[in-house]
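Look at the sequence and the model below before reading on.

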Amino acid sequence: MEYPKPVMRLQELQKMGLPKEFLFSAYRSKGQTFAQKINPLKPNSPIIFDTEEFEKWRIGRCKAENAGIRRG
């Protein structure tokens, strides 16, 4: 997937067609280093994503899901 900017907000990624639940699960995943709040002290601060690292994580997750599918 191609991203127009190296750092994007959650809402911008949603407009590109990524589901909000998927983005939140990525943000909350243990050990992730690609998403953070602009100001962690504010509860409603926008979440930003490093798109290059996010894409690597997304591809890795897809590969893991495909590897877990039983093949008959």
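How do the residues of the lining of the largest pocket divide into nonpolar, polar and charged? The model in which this is asked is a predicted one. The lining holds five nonpolar, four polar and three charged residues. Arg 9, Lys 20 and Lys 37 are among the residues that line this pocket, and so are Leu 10, Phe 24 and Ile 47. Helices H1 and H2 each supply at least two residues of the lining, and the largest share, three residues, comes from H1. The space in the pocket is about 160 Å³. As for how such space is found, rolling a probe the size of a water molecule over the atoms shows where empty space is left.

Now take the whole chain. The protein chain has three helices and three strands, and from the N terminus on, these elements run β-α-α-β-β-α. A box of roughly 50 × 25 × 20 Å, taken along the principal axes, is filled by the C-alpha atoms. Of the contacts between residues at least 6 apart in sequence, 46% join residues at least 24 apart. The chain exposes about 5500 Å², and carbon and sulfur atoms supply 52% of that area.

Next comes the inside. Of the 72 residues in the chain, 25% are buried. The largest nonpolar core is made up of 12 residues, including Tyr 3, Leu 13, Phe 34 and Phe 54. The elements that give two or more residues to this core are helix H1 (10–15), H2 and strand E3 (47–50).

Two more residues can be set side by side. Arg 28 is found in helix H2, which covers residues 20–28. Is Arg 28 buried or exposed? Its relative accessible area is 62%, and exposed means over 50%, so Arg 28 is exposed. Between Arg 28 and Tyr 3 there are 21 Å in space, C-alpha to C-alpha, and the two are 25 residues apart in sequence.

Gln 32 lies in the loop between H2 and strand E2 (35–37). Why does Gln 32 count as buried? Its relative accessibility is 18%, and the cut-off for buried is under 20%, so Gln 32 counts as buried. Leaving out residues up to four places away in sequence, Gln 32 touches Ala 26 and Tyr 27.

Terms used: Residues are numbered from 1 along each chain as its sequence is written. This is a predicted model: local features need pLDDT of at least 70, side-chain atom pairs count only at pLDDT 80 or more; totals for chains, interfaces and linings use all residues. Side-chain values use heavy atoms; hydrogens and water are left out. Helices (H or I, at least four residues) and strands (E, at least two) are DSSP runs, numbered from the N terminus. Buried means under 20% relative accessible area, exposed over 50%, partly exposed in between (1.4 Å probe, protein chains only). A nonpolar core is a set of buried Ala, Val, Leu, Ile, Met, Phe, Trp, Tyr and Cys residues joined through side-chain atoms within 4.5 Å. Contact means heavy atoms within 4.5 Å. On a 1 Å grid over the protein atoms alone, a cavity is a set of points where a 1.4 Å probe fits but cannot get out, and a pocket is an open set with protein on both sides within 12 Å along at least five of seven lines; lining residues have an atom within 4 Å of a point. Grid points are joined across faces, edges and corners, and a volume is the space filled by probe spheres set on the points. Ala, Val, Leu, Ile, Met, Phe, Trp, Tyr, Cys and Pro count as nonpolar, Asp, Glu, Lys and Arg as charged, and the others, Gly among them, as polar. Accessible areas come from the Shrake-Rupley method with a 1.4 Å probe; for residues, only the protein chains shown count as cover.
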